[in-house]
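Let's take a walk through this structure together, one part at a time. Have the sequence and the 3D view open as you read.

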Amino acid sequence: MPEATETRPAGLTAAIALCATGIVAGLLGPQLLAGSGGDGALATWTTVFVSIIVQALPFLALGVALSAAVTAFIPASVWQKALPRHPVAAVPVGVAAGALLPGCECASVPVADRLIRQGVTPAAAVAFLLSAPAINPAVIVSTAVAFPGRPGMVLARVAASAVTALIVGWCWTRWTDTAWPSVAARASAEGSRWERFRLTAQHDLFQGGGFLILGAALSATLNVAIPASWVQSAAAVPVLSALLMGLLAVVLCICSEADAFVAASLSTFPPSAQLAFMVVGPAVDLKLIAMQAGTFGRSFVLRTAPLAFVIAILTSLLAGSLVS
Amino acid sequence: MARTAQALVLVMLGAVLIRISATGEYLNYVRPGLGPYLAVAGVFFLVLGAIGLVRDFRAQDEARRAAAARRAWARTRTHGPGAVTTPATPAAHDHGHGHDEWYGHGSGWLLCVPLFLLLVLPPPALGSYAAGRAGASAPEPAAGATYATLPTATTLTVRDYAIRAVWDEGRTLSGHRITLTGFADTTATDTWYLTRMHVTCCAADAQAAKVEVLGSPTRFARGQWVTVTGTWLASDPDDLNGTVARIQVAEIRATDQPTNPYE
């Protein structure tokens with residue numbers, strides 16, 4: 001019965017593997033955790049790891065729902081009409097569109113991916129990708145709450161993030177050699193609109209979700225490994241402190257609605273360094289790098305992440321010098 | 001990763017999200033405001049996965065039935081009168097492979113890791129290990145923070161108390177009976193702190209707030225949850241430049257971990 005062996009493995013093997021893993025984890029897990037004292041480094045690691053994922057999942061759900069809606073319900077012609085024909089002019093529109101999506105980083109990756117598949121110029125989609133988590137109503141409010149009586153910080157953050165998104169987007173208008181995902185993906189072609197919505201959402205969720213887990217694991221490791229005292233020691237050095245805070249933002253993967261509070265709590269740092277933390281974080285962090293690598297490929301990340309990091313640091317230094 | 005396997009993981013992920021949202025377990029990981037969104041995301045995943053499973057199984061069923069019909073037909077053709085010798089091509093074969101190719105990311109399996117963690121060994125709330133990594137200084141308030149006057153006997157968050165005690169030099173605290181709840185964060189010396197983690201979004205951004213407890217008749221085990229009622233005591237200028245908040249115990253008792261372990 002050759003047909004049976006061909007159609008079954010997908011579901012059945014998966015079910016067996018899942019059950020087996022569950023049983024093994026259930027048998028060994030508690031011993032492992034107890035071995036670390038119940039409240040040791042390992043337990044702290046699992047808490048931080050799971051927290052980052054639990055925090056990200058509702059935003060990822062929103063992101064894949066939007067990306068699936070973009071694919072299933074909005075005809076590609078809409079984008080051609082709505083966006084300026086020339087990529088250089090389309091980039092600012094991408095930045096502005098990002099300001100309207102009240103989501104964290106995880107939501108913008110699948111949406112940007114689908115926009116490119118629908119024929120939106122990649123440069124504008126990249127600008128959207130960088131601006132969506134950095135500039136939106138929720139982030140502006142939380143920054144204002146974290147820095148009461150200092151509207152300059154809110155303004156500086158928005159300006160630095162917008163400029164970063166613009167510059168990186170414009171750089172992508174020059175890099176036209178990248179092979180982007182083909183406009184008509186196979187699964188999006190089959191079935192009714194709702195069926196297309198369902199398949200796209202499922203595909204994007206697993207494409208982004210798997211890498212989100214990797215990023216969260218790495219971030220949790222560094223979160224537990226880096227002593228807090230290291231961070232404080234660099235506060236006094238002007239440019240180095242901004243660089244260090246930028247790196248810290250990459251490593252810690254704190255979502256953009258919370259990072260202002262963490263930045264505000266590091267009050268021994270100059271405003272430029274606090275800004276670097278808030279401008280770099282939403283544009284480049286381990287979780288995002290992992291998700292982008294899974295969605296857009298490695299060459300995309302190798303170009304975008306370093307570029308966005310450098311520009312974010314420079315704009316933060318500039319904005320910080322104007323604020324203080 | 002096969003499409004049906006994805007659907008299976010989706011169903012379980014959705015169920016786990018709904019569960020931690022309903023039981024309040026999610027409070028160990030994220031801020032309270034996220035609860036309803038977790039439930040909505042859970043239902044979304046569950047429905048998405050369930051429809052996927054039903055559709056995929058139905059499609060497989062149909063493919064199998066079609067193949068069986070083709071075989072039966074082929075048998076009559078090869079063995080019956082006027083037999084043809086070429087066997088029918090199994091169309092189901094191409095179908096199955098098309099999916100695997102397109103859904104080919106193996107990384108999707110990683111979603112099972114947090115799933116199993118939450119199902120079989122839910123990670124505990126951040127405790128004394130995480131707190132022990134932070135210094136004992138009171139968190140610094142935002143510049144220009146103001147402090148509202150308090151009733152004579154009141155309950156405060158550990159963070160609020162620590163900030164008022166150090167950065168407002170106890171002006172709104174002296175002469176008041178204050179109740180605080182946190183866990184015991186002991187050190188190698190006799191000094192111990194009542195500690196509570198402050199979470200803005202998720203446990204990754206947690207910050208510790210500590211208050212040194214003086215005059216406690218009992219020494220609690222590390223990590224034990226404790227409720228203290230007492231009065232403000234000026235900070236010791238020699239201890240971290242006077243940035244450590246202190247409380248003089250009037251009453252102290254062990255308690256259970258609150259539903260929301262953070263504040």
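**Strands of chain B, then the helices of chain A**

In chain B, strands β2(B) and β5 (residues 225–233) run antiparallel and are joined by six bridges. Strands pair here if DSSP finds at least two bridges between them, and helices (H or I, at least four residues) and strands (E, at least two) are DSSP runs, numbered from the N terminus. Within this pair, T181(B) stands opposite T227(B) in β5(B).

Before going on, a word on the model: it is predicted, so local features need pLDDT of at least 70 and side-chain atom pairs count only at pLDDT 80 or more, while totals for chains, interfaces and linings use all residues. Residues are numbered from 1 along each chain as its sequence is written, and chains are lettered from A and ligands numbered from 1 in the order in which they are written.

Now stay with β2(B), and look at strand β3 (residues 192–198) of chain B. These two strands run antiparallel, joined by four bridges, with A184(B) standing opposite L194(B). They form a hairpin with five residues between them.

Which strand pairs with β2(B) in the parallel sense? That is β1 (residues 153–155) of chain B, which pairs with β2 (residues 177–186) over three bridges. Here R177(B) is the bridge partner of A153(B). Together with helix α6 (residues 158–167) of chain B, β1(B) and β2(B) make a right-handed β-α-β unit; right-handed says that, with the strands pointing away from the viewer, the path from the first strand over the helix to the second runs clockwise.

Over in chain A, find helices α8 (residues 137–146) and α9 (residues 151–174). Their axes lie 9 Å apart and the helices pack at an angle of about 145°; axes are lines fitted to C-alpha atoms, for helices over the stretch in contact, and angles run from 0 to 180 degrees between N-to-C directions. I140(A), T143(A) and A144(A) of α8(A) meet M153(A), V154(A), R157(A) and V158(A) of α9(A), where contact requires C-beta atoms, placed from the backbone, to lie within 7 Å. Those residues divide into five nonpolar, one polar and one charged. Ala, Val, Leu, Ile, Met, Phe, Trp, Tyr, Cys and Pro count as nonpolar, Asp, Glu, Lys and Arg as charged, and the others, Gly among them, as polar.

Finally, the two chains meet: 69 residues of chain A and 70 residues of chain B take part in the contact. On the side of chain A, α3(A) gives the largest share, 16 residues.
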